[in-house]
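Subject: Structure for your files

Hello,

Here is the structure I said I would pass on. My notes on it follow below.

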Amino acid sequence: MTHLPRVKFHTLTEQMFYTLLCLKEECYGMDILDRVPAMTNQRVNVGSGTLYTLLEQFLDAEMIRETKVEGRRRSYILTDKGREMLEKECDRLTAQLADYHRIFDREEHS
């Protein structure tokens, strides 16, 4: 069986999803480290190493852009391309949830 490499950003991990979601508004990397746990009731955390790797990948993919550089502090914001990726991921998750309900609701009504 041939194993195909995963297409980058075809789907998003929770850390990717919430990092992009934070960047709906301009913020610094340190802000994201605080906001992700706050918006997920502490369910999701992003480590600083993971975050800065993601930010670099998102910049390279033009999903975010840098808005300010103040010494080592950098702020970012979501681009249209990043917003499209979030929307695609939401559509994918919504379809998964619909499939789940369709399968289990059918079982319960049998």
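Buried residues account for 33% of the 110 residues in the protein chain. Please keep in mind that this is a predicted model. The chain exposes about 7800 Å², and carbon and sulfur atoms supply 51% of that area.

The secondary structure consists of four helices and three strands, in the order α-β-α-α-β-β-α from the N terminus. Of the contacts with a separation of 6 or more, 51% are between residues 24 or more positions apart.

The core

The largest nonpolar core has 25 residues, and those touching the most other members are Phe9, Leu12, Leu20, Leu23, Ile32, Phe58 and Ile64. At least two core residues come from each of α1 (14–22), α2 (29–39), α3 (48–60), β3 (73–78) and α4 (80–108). Helix α1 gives the most, with five residues. In soluble globular proteins, nonpolar side chains tend to be buried together. Apart from neighbours within four places in sequence, Phe9 contacts Met16, Gln57, Phe58, Ala61, Met63 and Met85.

The hairpin

Strands β2 (residues 64–70) and β3 run antiparallel and are joined by six bridges. They form a hairpin with two residues between them, and Gly71 in the turn has a positive phi of about 65°. Within this pairing, Lys68 is opposite Ser75 in β3.

Salt bridges

The count of salt bridges is six. One of them pairs Glu26 with Lys68, with the closest N and O atoms 4.0 Å apart. This pair links distant parts of the chain: Glu26 is in the loop between α1 and β1 (27–28), Lys68 is in strand β2, and they are 42 residues apart. Glu26 counts as partly exposed because its relative accessibility is 36%; Lys68, with a relative accessible area of 35%, is partly exposed too.

Arg92 and Glu89 form a salt bridge with the closest N and O atoms 2.6 Å apart. They are three residues apart in helix α4, so about one helical turn separates them. Glu89 is buried, at a relative accessible area of 2%, whereas Arg92 is partly exposed at 30%. Arg102 and Asp99 also meet through their side chains, at 2.8 Å from N to O, and are likewise three residues apart in α4, about one helical turn.

The surface

Leu97, Tyr100, Ile103 and Phe104 make up a nonpolar surface patch, with about 380 Å² of accessible area together. Ile103 belongs to helix α4 and counts as partly exposed because its relative accessibility is 37%.

Regards

Definitions and conventions: Residues numbered from 1 in each chain as written. Predicted model: local features only at pLDDT ≥ 70, side-chain atom pairs only at ≥ 80, totals over all residues. Heavy atoms only, no water. Core = buried A, V, L, I, M, F, W, Y, C linked by side-chain atoms within 4.5 Å. Buried < 20%, exposed > 50% of the residue type's maximum accessible area, 1.4 Å probe, protein only. Contact = heavy atoms within 4.5 Å. Areas by Shrake-Rupley, 256 points an atom, 1.4 Å probe, with all protein chains shown as cover. Patch = residues over 30% accessible without salt bridge, like charges linked within 9 Å, V, L, I, M, F, W, Y side chains within 5 Å. Pairing = 2+ DSSP bridges.
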